[in-house]
Amino acid sequence: MSPLATLEGCASEIALTERPAAEAQRPILRERGQREVFCGLTGIIWLHRKMQDAFFLVVGSRTCAHLLQSAAGVMIFAEPRFATAIMEERDLAGMVDAQDELDRVVNRLLERRPDIKTLFLVGSCPSEVIKLDLAKAAQRLGAIHMPRVRILNYSGSGIETTFTQGEDACLAALVPVMPALPADAPKELLIVGCLPDIVEDQFLRLFKQLGIERVGVLPARDGRNLPSLGPNTRYILAQPFLGETAMALEARGAKRIEAMFPFGAEGTSDWLKAAAREFDIDEIHVEQVLAAPRARAQKALANLRPQLEGKRITFLPDSQLEVPLARFLQDELGMELIEVGTPYLHRAHLSRELGRIGPQVRLSEGQHVERQLDRVRADQPDITVCGLGLANPLEMEGLTTKWAIELVFSPIHGFDQAADLAELFARPLRRRDLLEV
Amino acid sequence: MQLAVWTYEGPPHVGAMRVATAMEKLHYVLHAPQGDTYADLLFTMIERRGKRPPVTYTTFEARDLGKDTAQIFQDAAREAVERFNPQAIIVGASCTAELIQDDPGGLSEAMGLPCPAIALELPSYQRKENWGAAETFYQIVRALADKDLKRAPREGRRPLANILGPTALGFRHRDDLVEIRKILDQLGVDVNLVAPLGATPEDIARIGAADFNIVLYPEIADEASRWLERTFAQPCVRTVPIGVGATRSFIADVAELAGADPTPALGDTSSRMPWWSRSVDSTYLTGKRVFIFGDATHAVAAARIAREELGFEVCGLGCYNREFAREIRAEAARCGVEPLITDDHLVVEEAIANAACELVLGTQMERHIAKRLGLPCAVISAPVHVQDFPARHSPQMGFEGANVIFDTWVHPLVMGLEEHLLTMFREDFEFSDEAGASHHAAHSPRRAAAALAQAAAPPPTAPPEPVREPEMAYAPAPATAAAVAEAAPAPAADSAFVWTAEAEKELKKIPFFVRGKAKRNTEAFAAAEGRREICLETLYDAKAHYAR
């Protein structure tokens, strides 16, 4: 009997579209309770590094500022392009008009930072709860500061977004301002999702070698130079947490290319091949282009396999990268999946990966952290992927952990990062065996 | 609205977490949205705790608003009590929950829980972390202290003291406590209770048994200690034993309240700092200009050490916690400087840039400001990063604390003899102003870049490009100007003064750490004298005018 059958919440159904027959029966453990996750504001930490002319102004409380500071670690010291407009008693008591205050803060900011070309007003829990209309503010301020500065708005609040969903909300806000392509324009490819520059460049080189001429990237490094978009745009997701962005792209006529996510040799091959198929590239040519880098990735992974093969792994929910990474570790390194927890499961976007994950693997969506930790203690996995609030306490209990946030901050996509990705999981295990004290 | 990149203090509920995490068998049920669990990381990562903070967050989401958030709170509280079986819980709201007004206090009272539930009112939009810690500790003491407790008569027993104030995430609290216990041992005083750190709610019940209280960190324990004074007539030692002089006063105060002989504690032979400070290598420390910023307690203690124990000149003093501004004002008056009470790091940055100091003592933020301005720096106060929760014993308090402080503060400065040689031979082709002390990264890429920038010799009419880390445009304009002035003595394009080539060359010969000040003084002097051109004469007239 499946351990799931005894757990409440497994039977709950959600409406699904186009799920594969095998998936239809798959039980998913859904729990509610305390969630040990970041809110969407955290996305700012990597988004502002990617968009070099953008500034992120959170409208929130001291807690929001404190979170950004804690999450940014020492990066706060690089005078980054983000800040918090901290709401005070006066703002809440209606003693001052919040919109006037916002104007004052934004004007001061734009005076100080003439290099800013795109300004995001980022909603938070407090601003959402008091219903501060940041969309209106963005419109009003935009009218004043255009064309020098474009002002957009999205919400990264914890009541609406989990960790990487902040990037989703941000990119979805960019979609409406992408220039339109005429209906008769030639087919174009759009890569969607924040990737480290080095990875993005690798992918652009590969697409060029494959013969796909027109390739755009969202987000673009230069916020005032967004790729164009139209009914002939075919977009491919580089990250699994972009549900809202995908809907916004579809609304403008773009169509998604179904593929695995580009992790490991197989995931990356599948991702590139799906794009090549969509652009009618000759299969023999595709094989010729991909053979060398894929072989390189496989060789590098073979070196790490002995360290990971047969090791049991549990993922606690964090970034929505869990399912594709679990697929990679299982298929390409021979790890055994125990529980794969994710904050949100987008079945359509993950369908190819979900199809690879066996029915004995416990899939969970959402979190009741205490119960989930009880399961981790009962399962005793060799390695547990979790957030930094849980990592040291689990280590103290004798469990080996891999902190999840690093997976969002490190270059892990593509052929040439496949071994680096595997190494992130192998290292804590190696260290555990190395230390004598 | 206040624009902030860096905040010296977290919100008040983080202060409450610091108290809850310090204690044992106490649980905190916090009404908070998803995401507020980020604060756990402060304890598990920065302080490297091997246990999760004892906090249950209700983690409500948008879809819960307006219907069942109160129910979610009660479920979370019930579950936490069942699972952790605490002796008491504290309940409260984070900034977002404060807006939805669910009243955690009333909700938990209605539940008839098997343990006391202490309600916390922490106004997130007015107050901050230290205040939250102080208020939480005060409410816990008030709720749990057994008011009927009668102190045993003093005859035939050793004196008893409470040590109040150490928390989780406190700067060096762990090691300060070791030093304080040592002193109490030497004085023959027993410890009734340390709180919050390590205390259980049941321990707190016995807080009235002590003869007197010792407040180590007023930011956290002052309010509770005043209530104890009123309720149990417990006198209180408020001298903070940071520095040799302050430690001696502390010993005297404790000895007086305990009726003990202070001599053995005062004669502690582990106190090396006075001799280190008198030895001739320390002569060069005399009159070094130091800028001090942090929490009020540590900043005031540091100012006293700087003036009386190291012979520095305090050229700036401030704190970020308004609650203790009075103490800073009094000490600033003794130092003859304007007090700086602000929680805006940009204001602090500007003050440091304008102070022409040679050493910065501050928090993690000042460490960075100093790095940017090319100034030596040591950390004296929270907020701090992971490296300031060290594995080794590193107190700030007591005689060992003074030893630690001497080493920590002097280390970033160039050693005396080396400074002398650098100054002697600064015209030597192998030396340059950019070569700092041998024990620091004197040849970092940044310095190389600076050398290149100087070699590129910008046209005299344009201000030279400041050599700074990328994305520094956020720094306040005055600081930028100062940084430019420090980086290159060439007058800025908008300067009202014309420096002769000779005077400019002479200015370059002045040691880099006082050059900016020399330039400003000279220009101020020239302005006062109505001279527009600055030649060698002006430079040396100004030097004579400002001679210390």
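Over all chains, the structure holds 13 aromatic pairs; rings of Phe, Tyr and Trp (its six-membered ring) pair if their centres lie within 6.5 Å, and planes under 30 degrees apart count as stacked, over 60 as edge-to-face and the rest as tilted. The model is predicted, so local features need pLDDT of at least 70 and side-chain atom pairs pLDDT 80 or more, while totals for chains, interfaces and linings use all residues. Residues are numbered from 1 along each chain as its sequence is written, chains are lettered from A and ligands numbered from 1 in the order in which they are written, and side-chain values use heavy atoms, with hydrogens and water left out.

Q: What describes a pair of aromatic rings?
A: The distance of the centres and the angle of the planes describe such a pair. A:Phe38 and A:Phe163 form a tilted pair, at 5.4 Å centre to centre and 50° between the planes.

Q: Which parts of chain A does the pair of A:Phe38 and A:Phe163 tie together?
A: A:Phe38 lies in the loop between strand 1 (29-31) and helix 2 (44-50), and A:Phe163 in the loop between strand 5 and helix 8, so the pair ties together parts 125 residues apart in sequence. Helices (H or I, at least four residues) and strands (E, at least two) are DSSP runs, numbered from the N terminus. Both A:Phe38 and A:Phe163 are buried, where buried means under 20% relative accessible area, exposed over 50%, and partly exposed in between (1.4 Å probe, protein chains only). Ring pairs also link A:Phe38, A:Trp46, A:Phe163 and A:Phe409 into a cluster.

Q: How many residues apart in sequence are the parts that B:Tyr8 and B:Tyr320 tie together?
A: B:Tyr8 and B:Tyr320 are stacked, with 5.0 Å centre to centre and 5° between the planes. B:Tyr8 lies in the loop between strand 1 (2-4) and helix 1 of chain B, and B:Tyr320 in the loop between strand 11 (313-319) and helix 14 (325-335), so the parts tied together are 312 residues apart in sequence. B:Tyr8 is buried, at 4% relative accessible area, and B:Tyr320 counts as buried at 4%.

Q: Which residues touch the most other members of the largest nonpolar core?
A: In soluble globular proteins, nonpolar side chains tend to be buried together. A nonpolar core is a set of buried Ala, Val, Leu, Ile, Met, Phe, Trp, Tyr and Cys residues joined through side-chain atoms within 4.5 Å. Here the largest has 242 residues, and A:Phe56, B:Ile292 and B:Trp409 touch the most other members. A second, separate core of 27 residues includes A:Leu57, A:Leu109, A:Leu110 and A:Leu121.

Q: Is helix 8 of chain A mostly covered or exposed?
A: Helix 8 (residues 165-174) is mostly covered, with 10 of its 10 residues buried. Among them are A:Gln165, A:Glu167 and A:Asp168.
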